[in-house]
Amino acid sequence: MTDDSSAPGPELSAKFDTSVPHSARIFTYWLGGKDNFPVDRAAGDKFRETFPDIVNLAGIGRQFLKRVIRYLAGEAGVRQFLDIGTGLPTADNTHEVAQRVAPESRVVYVDNDPLVLVHARALLVSTPEGATDYIDADVHDPEKIIAAAAETLNFTRPVAVTLMGILAHVGDYDEARSIVNRLMDAVPSGSYLAVRDGTDTDPAYVEAIRGYNASGAVPYNLRSPDQIAGYFEGLELVEPGVVSCPLWRPDADSSGAPRDAAVLSGVGRKP
Ligand SMILES: C[S@@+](CC[C@H](N)C(=O)[O-])C[C@H]1O[C@@H](n2cnc3c(N)ncnc32)[C@H](O)[C@@H]1O
């Protein structure tokens with residue numbers, strides 16, 4: 001996977017706290033990316049020992065993101081996207097998928113990881129017809145995110161808000177619900193919410209997360225399937241509802257098995 005010669009150099013490493021693992025960097029390690037530090041790789045390997053399926057799930061999660069964006073830009077006709085908890089740039093980032101369907105798509109990325117910020121320029125290469133922007137902000141402050149995103153997105157027209165693998169980083173479930181509600185209050189009817197997050201249904205996953213949370217990283221809080229479904233309250237769920245990632249509108253590129261219910265996903269439309 002990652003080879004040390006292509007990992008971030010000492011100059012870059014000096015800008016970050018490389019003594020604790022970080023979710024975006026571990027995630028990119030599992031996906032085969034290079035932007036991670038020894039502490040991330042050690043945490044990623046430890047996690048994988050307890051729950052080997054995680055590497056599979058990371059890939060399945062990205063496939064879900066691709067299918068959702070294709071659906072939203074295609075069938076649903078959405079032209080504006082707010083991708084919160086973007087992660088490190090990889091193949092098929094949100095704007096690339098959306099602009100392949102509709103070149104005029106406008107995409108705003110949000111993350112609070114300094115390493116994602118360093119690589120953000122890879123996310124800012126838009127089609128001439130569309131636009132992309134990157135906001136360095138914390139999901140705990142949705143009002144700041146909306147205000148900054150309004151420079152690129154028109155909040156009187158439908159916006160798809162995507163929260164993939166980030167709501168579990170909000171410690172308190174009620175606060176996570178409040179964040180979702182405040183974001184969806186800011187967008188008009190015909191807007192969408194897409195969520196992907198881990199559940200507490202698989203004992204090996206729960207155990208691996210317990211080890212990860214003890215590592216000093218920002219904790220990832222697994223939630224029950226009902227709690228994840230709760231994010232969509234007040235929205236019209238798009239078929240097939242809140243399901244394990246591989247079961248959400250699978251296509252020819254999809255992999256994964258229904259037992260991967262350790263990660264649930266869904267899309268809802270604001271009436
Ligand atoms: C598991 S990664 C998911 C990346 C991407 N959304 C995907 O699906 O592949 C979670 C991302 O959320 C970001 N994140 C975590 N806590 C955050 C916060 N409080 N505010 C903004 N971003 C946050 C991390 O930096 C990381 O990039």
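Which of the 20 residues around the ligand come nearest? In this predicted model, the nearest are Arg62, Gly85, Asp111, Val139 and Arg196. By residue class, the shell around the ligand comprises nine polar, six nonpolar and five charged residues. Helix H2, which spans residues 23-30, supplies the largest share of this shell, with three residues.

A polar backbone atom of valine 139, one of the residues that come nearest to the ligand, lies 3.0 Å from a ligand nitrogen atom. For methionine 164, a distance of 3.0 Å likewise separates a polar backbone atom from a nitrogen atom of the ligand. An oxygen atom of the ligand is placed 3.2 Å from a backbone N or O atom of glycine 87. On its own, the ligand has 600 Å² of accessible area, of which the protein covers 95%. The ligand takes up the space of the largest pocket.

Taken along the principal axes, the C-alpha atoms of the protein chain fill a box of roughly 45 × 40 × 35 Å.

Conventions: Residues numbered from 1 in each chain as written. Predicted model: local features only at pLDDT ≥ 70, side-chain atom pairs only at ≥ 80, totals over all residues. Heavy atoms only, no water. Near = heavy atom within 4 Å. Polar contact = N/O pair within 3.5 Å; in protein donor to acceptor, adjacent residues only side chain to side chain. Areas by Shrake-Rupley, 256 points an atom, 1.4 Å probe, with all protein chains shown as cover. 1 Å grid on protein atoms, 1.4 Å probe; cavity = no way out; pocket = protein on both sides within 12 Å on 5 of 7 lines; lining within 4 Å. Sits in = over half its atoms within 2 Å of the grid points. Helix = DSSP H or I, 4+ residues; strand = E, 2+ residues; numbered from the N terminus. Nonpolar A, V, L, I, M, F, W, Y, C, P; charged D, E, K, R; others polar.
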